[in-house]
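Trainee: I have the model open and would like to go through how its parts pack together. Could we begin with helix packing?

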Amino acid sequence: MLVLVEQSLNGLQFGLLLFLLAAGLTLVFGIMDFVNLAHGSLYMMGAYFAATFVAWTNSFVLGILLALGATLLLGILLEFVALRHLYGRDHLDQVLATFGLILFFNDAVRLIWGPAGLSLPLPSWLTVPVQIVPGVFYPAYRLSIIVVALAVAAMLYIVVMRTRIGMLIRAGASNREMIGALGINIKLLFTLVFGLGAALAGLAGLMQAPILTVQIGMGENILILAFVIIVIGGIGSIRGAFLAAIFVGMIDTLGRAFLPDLLRTVLSSAAASTAAPALSSMLIYLLMAIVLVVRPEGLFPAAKR
Amino acid sequence: MKSRINVRNVVVALTALGLLLLPVYSALTGNIFILTLFTRIVIFALAAASLNLIMGYGGMMSFGHAAYLGIGGYAVGILAHEGIGSGFIQWPVALALSALYALVIGALSLRTRGVYFIMITLAFAQMAYYIASGLSRYGGDDGLTIYKRSTFGGLIDLSNRVQFYYLCLFCLFGGVYLIWRIVNSRFGMVVQGVRSNEQRMQAIGFHANRYRLVCFVISGTICGLAGALLANNTDFISPAGMYWTRSGELMVMVVFGGMGTLFGPVLGTIVFLLLEEILSQFTEYWALIMGPLLLLIVLFARGGIMGLLGRLSRG
């Protein structure tokens, strides 16, 4: 029972992290109609920036704030230099161009930080376990990820649904030409949305960094998961991305935690421990395939164009 | 009628001739490395050509073609591991499994269009990747070493570099010829018609998705053959070879060369892999140049190498 609570919290934490990544992706995809494979690279850059700045400033909080700003700037720069020329192009062109950017970022990181991974040590005040209900302890850091991610999700909801900028973003998602014709500086809006997405990806990366090692290619696997989430949730839908992300995070974490034991009842121990992670990873893709076949527009599609 | 001798055709003919004569050059200069490199290039060219059949002619942007390389490879590897070394069994199994996989995922994926099709083919390929990682008996994540290449009862010796190269080249030329015949057949015309205007083809009575599916299966089967060749070439097969970045590379090769042209993918593969090789000799960080180059090609050189040669031909 205790294990179940703990693993569910881990699932929730991973799901919320995925949401941060997927939210930026789905905004960019939904509004600019742009497939950005390099989103995973921004996630990676966020983690590398954080590891560097925290080591520099000797302060965890200051370091991650600097890293967040750096990722935001990088995203805006990337949009300004390269990606804005790809809006309105074929999806295939966008996939190829951003695939090229992944290659670039991986090697740039290898050149700057070297091939070995970095680690981002936690300050001592984040490593203590916290008692959440009597008898159940949970690491403070993972708990703080949940809190931060929920806060960001709430903020995002308020910004998108309750502010003028959010209104423009939603209007842009449903009809780009029309809001341009109404005198909105659509280029600026796109750059802004892209920068926001980049910062969210960087935030996800830097929050994941203390849990895993910071390494080259860390964004690639999780990027595909984020794509799965926005396809399941419905492209352009933040609400869909939120629900799908938590769903996928749960499946992934609970699958990894409990499938080995379940499989051991039918398979040999060794076979089960190799098959289980593979099977739980597959479950997610299976889910996406089913969703695409049954409801190609996703489970919670954004308002129709 | 337009002259048949133009820059584009000359380049294609010279490339084919060069590929044919490469072992001679390698034997004369004693440069074995170039033969090994080009064996790999020829195999990937076959895979790219098969992807081009559905991408260029069929308008189906598959982002999961690496799966067939893996399936073809694992068919060879697993059978060899279990003591069945005959290519007469291994290769038909590789082709049949690739075809079957293409049939199943094609039937499901073709219900979607556009970016959803890209994503669903990607999802299925990732599933195949995780299945391969879960095969603990066959090495799991670490992959499987193939100790003995496929045997063909003394007909051909795959361990002989030159013989293996010519086998790969034969498969490539055969594959390109097959694609040429398909593209210019009634079937191929229907597939291209569906790419241009699906509704119209439906309206005049063609079952669009059936044509698409058959085309998808043919493409997957050819790529499965490339997978069987690749496994024999590297004597090794691992899930890493079917990761989504490999599918991305195949797409790059096709677009590099010129999507929807017969020889474009072959030229694209040669240029892409040679560039990778040359750049990595200058610097360890070859992707630092390759990545932005790719971006520039997408931005400024539409139609790839074939498009460029075509413009040169028109003068």
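This is a predicted model: local features need pLDDT of at least 70, side-chain atom pairs count only at pLDDT 80 or more; totals for chains, interfaces and linings use all residues.

Trainee: Is the crossing of H4(A) and H10(B) left-handed or right-handed?

Mentor: The crossing of H4(A) and H10(B) is left-handed.

Trainee: Which residues in H4(A) and H10(B) meet?

Mentor: H4(A) contributes Leu92(A), Leu96(A), Phe99(A) and Ile102(A). On H10(B), they meet Trp244(B), Thr245(B), Gly248(B), Glu249(B), Met251(B), Val252(B) and Val255(B). By class, the contact of H4(A) with H10(B) has eight nonpolar, two polar and one charged residues.

Trainee: And the whole interface? How many residues of chain B are in contact with chain A?

Mentor: On chain B there are 43 residues in contact with 44 residues of chain A. The two chains bury about 4000 Å² between them, with 79% of it on carbon and sulfur atoms.

Trainee: Which three residues supply more of the area that chain B buries than any other three?

Mentor: Those are Tyr116(B), Tyr130(B) and Trp244(B), which supply 16% of the area that chain B buries against chain A. Trp244(B) is also one of the H10(B) residues that meet H4(A).

Trainee: What is the salt bridge count between chain B and chain A?

Mentor: The count is one salt bridge. Its partners are the side chains of Glu284(B) and Arg110(A), at 3.2 Å from N to O. Across the same interface, six residue pairs are in polar contact.

Trainee: Which elements give two or more residues to the side of chain B that touches chain A?

Mentor: They are helix H5 (114–133), H10 and helix H12 (287–300) of chain B. The largest share, 13 residues, comes from H5(B). The residues on this side of chain B divide into 31 nonpolar, eight polar and four charged.

Trainee: Where do Glu82(B) and Arg137(B) lie?

Mentor: Glu82(B) lies in the loop between helix H3 (66–81) and helix H4 (87–109) of chain B, and Arg137(B) in the loop between H5 and strand S1 (144–145) of chain B, so the pair ties together parts that are 55 residues apart in sequence.

Trainee: Finally, at what angle do H11(B) and H12(B) pack?

Mentor: Helix H11 (residues 264–282) of chain B and H12(B) pack at an angle of about 145°, and their axes are 9 Å apart. Phe272(B), Leu275(B), Glu276(B) and Leu279(B) of H11(B) make the contact with Ile289(B), Met290(B) and Leu293(B) of H12(B). By class, this contact has six nonpolar, no polar and one charged residues.

Methods. Residues are numbered from 1 along each chain as its sequence is written. Chains are lettered from A and ligands numbered from 1 in the order in which they are written. Side-chain values use heavy atoms; hydrogens and water are left out. A crossing is left-handed if the near helix is turned anticlockwise from the far one by less than a right angle, and right-handed if clockwise. Helices (H or I, at least four residues) and strands (E, at least two) are DSSP runs, numbered from the N terminus. Contact means heavy atoms within 4.5 Å. Ala, Val, Leu, Ile, Met, Phe, Trp, Tyr, Cys and Pro count as nonpolar, Asp, Glu, Lys and Arg as charged, and the others, Gly among them, as polar. Buried area is the accessible area (1.4 Å probe) that two parts lose on being put together, summed over both. A salt bridge is a side-chain nitrogen of Lys or Arg within 4 Å of a carboxyl oxygen of Asp or Glu. A polar contact is a pair of N or O atoms within 3.5 Å; within protein, one must be able to donate a hydrogen and the other to accept it, and residues adjacent in sequence count only if both atoms are side-chain atoms. Axes are lines fitted to C-alpha atoms, for helices over the stretch in contact, and angles run from 0 to 180 degrees between N-to-C directions.
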